[in-house]
Amino acid sequence: MASTPHGGILKDLVARDEPISGQLMDEAAKLKDFVLTERQLCDLELIINGGFSPLEGFMNEADYTSVVDTLRLSDGTLFAMPVTLDVSSADIERLSIVPGARIALRDPRDDEALAIITVDDVYTYDRVKECIHVFGADDPAHPSVAYLRNRVKPFYVGGKVQAIQAPSHFDYVALRYTPTELRAHFKKLAWRRVVAFQTRNPMHRAHRELTVRAARQRQANVLIHPVVGLTKPGDVDHYTRVRVYEAIMAKYPNGMGHLALLPLAMRMAGPREAVWHAIIRKNFGATHFIVGRDHAGPGKNSQGKDFYGPYDAQELVEKYKDELEIEMVPFQQMTYLPSTDEYQPVDEIPAGAQTLDISGTELRRRLKTGAHIPDWFSYEAVVARLRESYPPRNKQGFVLCLTGFHNSGKDIIAKALQVALNEQGGRSVSLLLGETVRDDVNVKLGFTPDERHENLQRISFVAGELARAGAAVIASPTAPEERSRTLVRDAVLQNGGAGGNFFLIHVATPLEHCESTDRKGIYAQARRGEIRGFVGVDTEYEVPKKADLVVDVTVQSIPSIVHSIVLLLETTSLL
């Protein structure tokens, strides 16, 4: 029997509002509208299909504050993660966002109206407090802290929503189930116990053995429920992962397992995320949930230590087990015994027995270099799917981002580098000069911080797409703000696939030299007030904190700088 939805009732707003969806669509056409971000889209989909039950909208200030402080909604219901709709002051003014206002929420991909929110309140929040309470630290090494700092707008809008329609998907449609649909599927098959397995990574033989073992011990079936929304920057893209999941499902005993995709935007919040994941799987009908070591952990912090302890997530889920009403299955680390050709839990291995394992780092190295991956570690069909998406290192795309003052030499270096890489051959080479992109593509953008940031957003999208296709991309924007440079890096890592190789090069030529050698007189115009927001005159340039290479044309020649960049690429096996 499927578990009871969190809060007692599955909040399937699409089904609830289906009788009036036509009226809502007509109303949305007349309302002011807000285009969602990718993360907001993921959140809205799980709000309106019931995955986030008992939520019926984005959190108002009372619920947000309570969740951040106590892991509970204002009515006392356990809920571990803030789910918020962030907006800017310009959005508030443009849309007249006040309590009682109704605003259409639109899909950023096709501009379709998905829901209408009735505004409950508009409020500010403490970014540092949210980072510390939810993620455990205000450390930009955490991807969600970086996202909160660089991408989230300064106001939250709370309010319930009415669903017009679910977002459209054109990939793996047969594998996308709402909670209502998945519960019906379990009922049809008479699955009374369902062990859910959360993953954002490819699965291999150890994962199959772990989930089969968990199911057999509990006389249950297995739900492989991978995240296909936003995950950690640099993760394997979901298209590749789903092909891997489809291949590995054939290795399960007939009728034991089922694959369904979850459009979740992960926060990588460790213990809190584990509780949140348990609530979500409970809403989808699972009765058991596997919680791993360092579940949903983002890796190392700025001091090189893990953000969370290995068992923090399991301990927090155990703490709330009575309210969660879904049984936790602790992740058992599995290792391979060559003597018996089988996987066993580490704590059951006889003393002195030979074991074998391949770390995630070593697997990525083998994929990138084409080295052999043994069949005891993964299945041939799985490796084949991964190799399709991971060409050899010297065939992968990459992005070189040169940042510095106007007339620092970054554009000259970029052009010279383009020639050097064309001479190398093997890849197409694309050049995105900052001023050229602005003049030819972003002609309406000025030089305010927000307009510069938008220019970088567009450059990052183009660069990521080109790198995904295997191109060498050289971009040379001024990029004076750390937040914008972080945006470019994250966009390339997130969207570049195997081409998600990013290098930041700081052209640290002193401002005095840039200005004194400015033959076009651009700095002089800025000094006279004819150009506003000019970097180095009335806008500060924030020195990059983590450049991969720092160069300076006053102490290095252009050929030597180009050679140093080529060596950087060679040391990472990209050339």
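This is a predicted model: local features need pLDDT of at least 70, side-chain atom pairs count only at pLDDT 80 or more; totals for chains, interfaces and linings use all residues.
Visitor: Let's start with H3. Buried or exposed?
Guide: Ten of the eleven residues of helix H3 (residues 38-48) are buried, so the helix is largely enclosed by the rest of the structure. Buried means under 20% relative accessible area, exposed over 50%, partly exposed in between (1.4 Å probe, protein chains only). Helices (H or I, at least four residues) and strands (E, at least two) are DSSP runs, numbered from the N terminus.

Visitor: Which residues are buried in H3?
Guide: Among them are Arg-39, Asp-43, Leu-44 and Glu-45.

Visitor: What follows H3?
Guide: Gly-50, with a positive phi near 95°.

Visitor: Next, H4 and H6. At what angle do they pack?
Guide: About 50°, with the axes of H4 (residues 61-70) and H6 (residues 127-135) 8 Å apart. Axes are lines fitted to C-alpha atoms, for helices over the stretch in contact, and angles run from 0 to 180 degrees between N-to-C directions.

Visitor: Which residues make the contact?
Guide: Tyr-64, Val-68 and Asp-69 come from H4. H6 gives Lys-129, Glu-130, His-133 and Val-134. Contact means heavy atoms within 4.5 Å.

Visitor: Now the sheet with E14. What is the strand order?
Guide: E15-E16-E14-E17-E18, an open sheet of five strands with parallel pairing. Two strands pair if DSSP finds at least two bridges between them.

Visitor: Which strands stand at the edges?
Guide: E15 (429-433) and E18 (549-551). Each has a single partner strand, so one side of each is left without a neighbour in the sheet.

Visitor: How many bridges between E14 and E17?
Guide: Five, linking residues 398-403 and 502-507 in the parallel sense. Leu-400 has Phe-503 of E17 as its bridge partner.

Visitor: Which helix packs on that sheet?
Guide: H22 (residues 558-571), touching E14, E17 and E18. The direction of H22 makes about 175° with that of E18.

Visitor: Last one, E6. How many bridges does E6 share with E5?
Guide: Eight, in the antiparallel sense; E5 covers residues 113-123. Ala-115 stands opposite Ala-163 in E6.

Visitor: And with E3?
Guide: Three bridges, also antiparallel. Val-87 has Phe-155 of E6 as its bridge partner.

Note on methods. Residues are numbered from 1 along each chain as its sequence is written. Side-chain values use heavy atoms; hydrogens and water are left out.
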